[in-house]
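Subject: Structure handover

Hello,

Here is the structure for you to look through. My notes on what turned up follow below it.

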Amino acid sequence: MELALEGPVADPAAAWARIADPEPFLRAAGLPPIELSATPDEDGEVTLRVRLLGPVGLRHEAEEVDAGWVVGARLWFGWTVRGPVLATVRFEAELVPEADGVRPRVRLAVETWTGLVAPFVGWGLRMARRAWQRRLDALPAPGAAAAPGDARHLDLSTEAALARWADRQGDPALVGRVRRLLTGSPAWALDRLCPRQLARRWDLDEDRVLDGLVGAVAAGVLGVGWQVHCARCDALVASVPALSAMPASAVCARCRTPVPLDLCDTVSAVLTVPLLVRPHEERYAADTPAREPAVWAAVLLGRGGAQTVPAPAPGRWRIVGGTDCDDTVLEVRSDDSDAAAAPLRWTPGAAPLQAVAGQPLALAGGPRRRHRVRIVAADAQTRRLPALRVLSHPGWRRVLGRPGLAPRVVAEVHDVTVLYTDLTHTRAFYASAGDREALRFVQAHLRQVEAGIEAGGGVVVKTLGDGVMAAFADPAAGVRAALVLLDDFDAWCRGRGVAAAPELRAGISRGHALAMHTDAARLDLFGGTVNAAARAVYGTAAGTLGWTAAVAADPRCQACVDAHNAHHRVRSAPGPAAEVPGQSPGG
């Protein structure tokens, strides 16, 4: 039995957005919701096993035998089913270029084990035809604006939270956009909101969005969650409501690759929506392109199988060939020559490839095993908001408190900027001013330093006597904050009427570090980069900033020094201890 129909010529972007999420089609066709599990098969490749929660309450076990998509073109999957009613299920959707737009075509084929249930299945497909046709007919014509969809009504508590946010001087434009997001987005799209993606969708400055959404979280409109993505195939590996719930280790269920917990790379922050706004929705399909925007194409190749897809947009991509298979770098350029007509062939473990956008790319699997092939954007991780960006943002830290990892969980931080500050000649100052007066001076100074670091876009990790250790996601912000502190220190001392005050110095380094929970600082940093910042501050003169080569090499950091006319304040310092063979890291 088969349900097949097509829609009118439509706008390509709107048509793809409609078929990239096949779940409304499958739900309307009466297909039961599913539960997914991933297990390795005899080839070591991941097999998606599906449990269908019906029909009529009869459970079915299914296995994915064919699946894939190409962004902007087509989507398909096929299951073999073991159960009392269904035998096979196959869904296909494609966009056929026509005139100035595309014509969508959708097909669902279902086979049953017995003809006794065929009339009931056929009746369900006939009923679904009307719903499918309405979804396709509602697509806008090429160049036309999409018609507004059905709006979701917000509950009273969410309305009250939006009002609190607006009353607390929330950005009116941002409040309005969040309201439209909550009322008009499908439920699954509200499950993992990324502030960086929202800024791009709304064509707003990322810092403005990130700063503004702090108010949404503080007012209770949104919450914060944390996700881990595979650095290789970009699949979602874990999703937790609190950083302390992050697992100590993770393995990607799609490509079986161990995933290190890296607060810059694999761990990202997302916004969560109250369950009253986003009720739990049943799943009706496995992988869908709507949920994985960084994946251009995904194909399940059987033994000796092949599939041809067009090369993606210009840029750098990775062809992930499945488990136990080296990835292939794919460089795509824009070219109007005839080279785009020449097919390009990929086989597992192929050498780097160069292609023209739209050029046919033949994906050919090995003869003895299956391959789950994905073409992933090389910059996939930059499309998400790194956890470090949130953890080092003063406004978010004020809302979230001081989140920390669970004890004994150690996370990587592959690029963090660490700043140390220190007061010099404090022994003589304590002797001349007396302990109590000197202590009041140091306490006031630490408050001033913390305020300056927060104003500069960083956070204090912990205090160290009369100095602090701070972290920045952006090295230029760290340099700028350090120079402002050094420039303002003398005037601040004079304003307090302090004679013979100590002098301030700072040290800054950039590189890899390890993050873990400690009692002194819930999220503490350790490693060679931390050691380098400590050596930089204790090895530089009063009134100066010692910086390592990794910081000095950044043109934006050099521009900060130029802007402050502060070359006299900057001194070179040794590089990270991690670069010195045999040096043991410490915090």
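The disulfide count comes to zero. Keep in mind that this is a predicted model.

**Cysteines**

Cys-255 takes part in no disulfide, and its nearest cysteine sulfur belongs to Cys-230, 3.6 Å away. Cys-255 is buried, at a relative accessible area of 3%.

Cys-560 is in no disulfide either. For Cys-560 the nearest cysteine sulfur is that of Cys-557, at 6.1 Å. Cys-560 is buried too, with 6% relative accessible area.

Now to Cys-233. Where does Cys-233 lie? Cys-233 sits in the loop between strand S8 (223-229) and strand S9 (236-240). Cys-233 is buried, with a relative accessible area of 1%. Ala-73 is 160 residues from Cys-233 in sequence, and the two are 21 Å apart in space, C-alpha to C-alpha.

**A buried arginine**

Arg-370 is placed in the loop between strand S19 (360-364) and strand S20 (371-377). Is Arg-370 buried or exposed? Arg-370 counts as buried, because its relative accessibility is 10% and the cut-off for buried is under 20%. Leaving out neighbours within four places in sequence, the contacts of Arg-370 include the acidic residues Asp-41, Asp-43, Glu-45 and Glu-64. Val-46, Thr-47, Leu-300, Leu-301, Gly-302 and Arg-303 are also in contact with Arg-370.

Strand S16 (residues 328-333) has one covered face and one uncovered face. Thr-328, Leu-330 and Val-332 are on the covered face. Val-329, Glu-331 and Arg-333 are on the uncovered face.

S16 pairs with strand S15 (residues 315-320) in the antiparallel sense, over five bridges. In that pairing Trp-317 stands opposite Leu-330 of S16. S16 also runs parallel to strand S18 (residues 353-356), joined by four bridges. There, Val-332 has Ala-355 in S18 as its bridge partner.

**Helices H6 and H7**

How do H6 and H7 pack? Helix H6 (residues 195-202) meets helix H7 (residues 206-219) at an angle of about 125°, and their axes are 9 Å apart. That angle makes H6 oblique to H7. The crossing of the two helices, H6 and H7, is right-handed. On the H6 side, the contact is made by Pro-195, Arg-196, Leu-198, Ala-199 and Trp-202. H7 brings Glu-206, Val-209, Leu-210 and Leu-213 to that contact.

**Helix H12**

Ala-491 lies in helix H12 (residues 475-495). Ala-491 counts as partly exposed, at 42% relative accessibility. Ala-491 and Trp-346 are 145 residues apart in sequence. In space, their C-alpha atoms are 65 Å apart.

Best wishes

Note on methods. Residues are numbered from 1 along each chain as its sequence is written. This is a predicted model: local features need pLDDT of at least 70, side-chain atom pairs count only at pLDDT 80 or more; totals for chains, interfaces and linings use all residues. Side-chain values use heavy atoms; hydrogens and water are left out. A disulfide is a pair of cysteine sulfur atoms within 2.5 Å. Buried means under 20% relative accessible area, exposed over 50%, partly exposed in between (1.4 Å probe, protein chains only). Contact means heavy atoms within 4.5 Å. Two strands pair if DSSP finds at least two bridges between them. Axes are lines fitted to C-alpha atoms, for helices over the stretch in contact, and angles run from 0 to 180 degrees between N-to-C directions. Angles under 35 degrees count as roughly parallel, over 145 as roughly antiparallel, 65 to 115 as roughly perpendicular and the rest as oblique. A crossing is left-handed if the near helix is turned anticlockwise from the far one by less than a right angle, and right-handed if clockwise.
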